[in-house]
Amino acid sequence: MDPTLAGVKALVFDVFGTVVDWRSSVAAEVQALAANKQITVDGAKFADAWRAGYAPSMNRVRTGQLPWTPLDGLHRMTLDTLLGQFGFTALPEQEIADLNRAWHRLQPWPDSVPGLTRLKRQRIIAPLSNGNIALMTNMARNAGLPWDCVLGAELVRHYKPDREVYQSAADFLDLQPADVMMVAAHLGDLRAAKTVGLKTAFVARPLEYGPAGKPDLKADASVDLSAKDFNDLAAQLGV
């Protein structure tokens, strides 16, 4: 193990794309609903369009156009604009609300649960996500994610990459920033964490955006450790 990483006491994780496969999970739920309604919908395109609203909606909060709004609320705003575009008309409110909770039911990548379980033996592990606490808690229960606690944007009413989110991970765990490692498949997340003083680990998820997607594939200067998956991450950290 790199001796500069020996002091890492906690690992905090980006979740959407890093821990769970949001695209396939959402696409499957959309396809199931479309089949039930006897309409033809490309579930993957719907998932991509829904995710495309993610950053712009958070930016509306960041710039003051919207008051603080948990991610479930932002997801619902985007969903409401998409339903008619994709042919979902006159859905009952209960079905719309249930579809919005598809994000609570995302499935983990195959290495996520075994890798997290292994890391948990020697380190604190927690999400550090833009997802709200209810979303992260329900996802953990559904997917078997063995978090020690749930951290994230809602606790400080800021969305990543605002520095307050990264600093809060150290503050809530009563650690120094350098004692905390941010794990993500997205280099922008890691760069922001690095500016606050967190250690950083990059885990590529080549299929996050589907076979034609363009995810981050190689670490850059913001990365302290690069791993092929969570089991490799654990091995490199001596677990």
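**Entry 1: the sheet**

I started with the strands and found six of them in an open sheet, ordered E3-E2-E1-E4-E5-E6, with parallel pairing. Strands E3 (151-152) and E6 (225-227) stand at the edges with a single partner strand each, so one side of each has no neighbour in the sheet. I noted that two strands pair if DSSP finds at least two bridges between them. Helices (H or I, at least four residues) and strands (E, at least two) are DSSP runs, numbered from the N terminus.

This is a predicted model: local features need pLDDT of at least 70, side-chain atom pairs count only at pLDDT 80 or more, and totals for chains, interfaces and linings use all residues. Residues are numbered from 1 along each chain as its sequence is written, and side-chain values use heavy atoms, with hydrogens and water left out.

Next I looked up E1 (residues 10-13) and E4 (residues 180-184), which run parallel and are joined by four bridges. Phe13 has Val183 in E4 as its bridge partner.

**Entry 2: helix H2**

Which residues of H2 (residues 43-52) are buried? I found Gly43, Phe46, Ala47, Trp50 and Arg51. Buried means under 20% relative accessible area, exposed over 50%, and partly exposed in between (1.4 Å probe, protein chains only). Seen down the axis of H2, the buried residues fall within an arc of 130 degrees, so they line one face of the helix. The arc is taken from the directions from the helix axis to the C-beta atoms. Lys45 and Ala52, on the other side of H2, are exposed.

**Entry 3: aromatic rings**

I counted rings of Phe, Tyr and Trp (its six-membered ring) as pairs if their centres lie within 6.5 Å; planes under 30 degrees apart are stacked, over 60 edge-to-face, the rest tilted. The count comes to 11 aromatic pairs. I picked Phe46 and Phe86: their ring centres are 4.8 Å apart and their planes are at 55 degrees, so the pair is tilted. Phe46 is in helix H2 and Phe86 in the loop between H4 and H5, 40 residues apart. Phe46 is buried at 0% relative accessibility, whereas Phe86 is partly exposed at 21%.

**Entry 4: Asp220**

I found Asp220 in the loop between strand E5 (199-203) and E6. Asp220 is partly exposed, with a relative accessible area of 26%. Its side chain makes a polar contact of 2.8 Å with that of Arg191, and one of 2.5 Å with that of Ser222. A polar contact is a pair of N or O atoms within 3.5 Å; within protein, one must be able to donate a hydrogen and the other to accept it, and residues adjacent in sequence count only if both atoms are side-chain atoms.
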